[in-house]
Amino acid sequence: MSDLNLEQVRDTMIAIAHEAGRLMLAANPADIPSGTKLNAVDIVTEADQAIEKMVAGKLSTAFPSVAFMGEETYKPGMKLGPEPTFVVDPIDAKGTTNFVHGFPNACISLGLAIDRTPAVGVIYNPWQDLLFTAVKGQGAFMTRGKDTSPRRLPLAATLRPLTTLGEALVGVEWGSVRDGPNFDVKVETFRRLGASKDTGGAMVQSMRSLGSAALNLAAVAAGELDLYWEGGCWAWDVCAGWCILHEAGGRMVSGNPGDWTPEVDGRVYLAVRAAPSGQTEIVEEFWKLMGDGRMDYSS
């Protein structure tokens with residue numbers, strides 16, 4: 001993959017994540033100037049920008065040969081290349097909304113992609129002192145609070161098979177764009193997921209919105225969610241979580257029907273937890289439920 005020491009990368013990322021966490025906890029959102037990028041629900045604060053600047057500086061000092069892609073420094077048209085690249089969200093995009101409201105589901109998401117494949121992932125939620133880490137080929141782990149013994153993911157000692165959507169807990173998010181054809185696909189899919197089977201729905205056990213793509217992916221990796229379906233997020237939202245999910249035995253496919261090998265910056269995702277059986281079947285059931293619905297974020 002490269003001559004990088006991935007364990008060293010992970011350990012550096014963990015130290016940076018904890019420093020970023022201290023900055024988040026020290027900030028009073030009510031006193032931080034904020035603005036919007038796309039619309040009133042696409043929020044950015046000075047804290048996002050300050051944390052990304054700190055992260056970029058420390059990573060470039062430690063690993064000067066590695067490229068950098070961050071949410072706050074992204075320029076339209078940038079694509080993730082094959083070269084080793086840090087892929088960073090300083091305060092996970094939807095998590096920024098949680099941050100400004102004081103809702104304790106926000107995190108820093110630090111990923112390393114090599115050859116467009118997630119190789120290292122670190123996600124840290126400082127409000128819950130919850131840390132998720134993974135290195136390609138070495139498994140995924142969770143550490144909470146003062147417990148210094150990382151727990152291997154998924155958390156369950158015995159994994160349940162994935163049977164049908166009707167027995168699933170599914171992670172979803174509304175996203176920042178609240179009109180247009182992609183939003184229509186989301187709303188219709190939400191309806192079909194929740195509707196009774198008598199009306200052609202899946203009647204999933206329930207749906208959850210943690211408000212952070214990274215934390216949704218970590219929850220699937222941990223086995224706390226069965227699936228997470230998303231359209232409209234970016235490489236920095238999913239790179240770290242994708243690595244953690246894969247190392248926990250989970251699977252990432254496209255959120256659009258038929259694509260089993262999506263790109264990290266493909267923007268449409270369906271994450272499935274580890275299971276002794278049923279991963280392929282539940283993906284196909286989800287895609288069938290969508291019918292002709294497809295999301296397109298190429299423009």
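Reader: Does Trp-234 count as buried, exposed or partly exposed?

Author: Trp-234 has 29% relative accessibility, so it counts as partly exposed. Tyr-74, at 21%, also counts as partly exposed. The model is predicted: local features need pLDDT of at least 70 and side-chain atom pairs count only at pLDDT 80 or more, while totals for chains, interfaces and linings use all residues. Residues are numbered from 1 along each chain as its sequence is written, and side-chain values use heavy atoms, leaving out hydrogens and water.

Reader: How many aromatic pairs are there?

Author: Two numbers describe a pair of aromatic rings: the distance of the centres and the angle of the planes. Rings of Phe, Tyr and Trp (its six-membered ring) pair if their centres lie within 6.5 Å; planes under 30 degrees apart are stacked, over 60 edge-to-face, and the rest tilted. By this rule there are 10 aromatic pairs. One of them joins Tyr-74 and Trp-234: the centres are 5.2 Å apart and the planes at 55 degrees, so the pair is tilted.

Reader: Where in the chain do Tyr-74 and Trp-234 lie?

Author: Helices (H or I, at least four residues) and strands (E, at least two) are DSSP runs, numbered from the N terminus. Tyr-74 is in the loop between strands E3 (67-70) and E4 (85-89), and Trp-234 is in the loop between strand E12 (227-231) and helix H6 (235-247); the two are 160 residues apart, so the pair links distant parts of the chain. Trp-234 also has a charge over its ring, which requires NZ of Lys or CZ of Arg within 6 Å of the ring centre and within 35 degrees of the ring normal. Here the charged end of Arg-267 lies 3.6 Å from the centre of the Trp-234 ring.

Reader: Which residue pairs with Trp-229 in a tilted arrangement?

Author: Phe-286 does, at 5.7 Å centre to centre and with 45 degrees between the planes. Trp-229 is in strand E12 and Phe-286 in helix H7 (residues 279-290), 57 residues apart.

Reader: What contact does the side chain of Glu-230 make?

Author: A polar contact is a pair of N or O atoms within 3.5 Å; within protein, one must be able to donate a hydrogen and the other to accept it, and residues adjacent in sequence count only if both atoms are side-chain atoms. The side chains of Glu-230 and Tyr-228 make one of 2.9 Å. Glu-230 is in strand E12 and counts as buried, at 1% relative accessibility.

Reader: What is the strand order in the open sheet?

Author: Two strands pair if DSSP finds at least two bridges between them. The open sheet has 7 strands in the order E3-E4-E5-E6-E7-E8-E9, with mixed pairing. Its edge strands, E3 and E9, each pair on one side only. E7 (residues 130-135) and E8 (residues 140-144) pair in the antiparallel sense over 5 bridges, with Phe-132 bridged to Met-142. Their hairpin has 4 residues between the strands, and Gly-137 in the turn has a positive phi of about 85 degrees.

Methods. Buried < 20%, exposed > 50% of the residue type's maximum accessible area, 1.4 Å probe, protein only.
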